[in-house]
Amino acid sequence: MVVVGSGKSKSKLLELARKNCANWDNGKCIGCMMKTEDKVIIFRISGRFANKPCQVNKKCEYFENVVINGT
Ligand code: SF4
């Protein structure tokens with residue numbers, strides 16, 4: 001299990017994102033975020049992340065809630 005902010009360097013986090021994140025697109029983020037509410041999965045495109053370089057080290061909730069829980 002990976003705990004974000006537990007001393008992992010940015011390059012290590014980027015490597016984990018590159019290997020495991022479905023939003024990773026050649027170093028950029030697709031920005032498709034998801035969450036569940038009342039047993040419904042909700043998808044949205046995040047303007048904060050979409051089409052920008054991966055920001056895994058800047059409190060990316062998708063990485064923290066989905067990616068690392070699946071590794
Ligand atoms: S910013 Fe987050 S969701 Fe986007 S590619 Fe990086 S780890 Fe994945």
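Reader: Among contacts between residues at least 6 apart in sequence, what percentage join residues at least 24 apart?
Author: The share is 51%. Two residues are in contact if their C-beta atoms, placed from the backbone, lie within 7 Å. This is a predicted model, in which local features need pLDDT of at least 70 and side-chain atom pairs count only at pLDDT 80 or more, while totals for chains, interfaces and linings use all residues. Residues are numbered from 1 along each chain as its sequence is written.

Reader: Which residues does Cys 21 contact, leaving aside its neighbours within four places in sequence?
Author: Cys 21 is in contact with Phe 63 and Val 67.

Reader: How many helices and strands are there in the protein?
Author: The protein has two helices and four strands, in the order α-β-β-β-β-α from the N terminus. Helices (H or I, at least four residues) and strands (E, at least two) are DSSP runs, numbered from the N terminus.

Reader: What percentage of the residues in the protein is buried?
Author: Buried residues make up 18% of the 71. A residue is buried if 20 or more other C-beta atoms, placed from the backbone, lie within 10 Å of its own.

Reader: What makes up the largest nonpolar core?
Author: That core has 12 residues, including Leu 13, Met 33 and Val 67. Its largest share, three residues, comes from H2. A nonpolar core is a set of buried Ala, Val, Leu, Ile, Met, Phe, Trp, Tyr and Cys residues joined through C-beta atoms within 7 Å.
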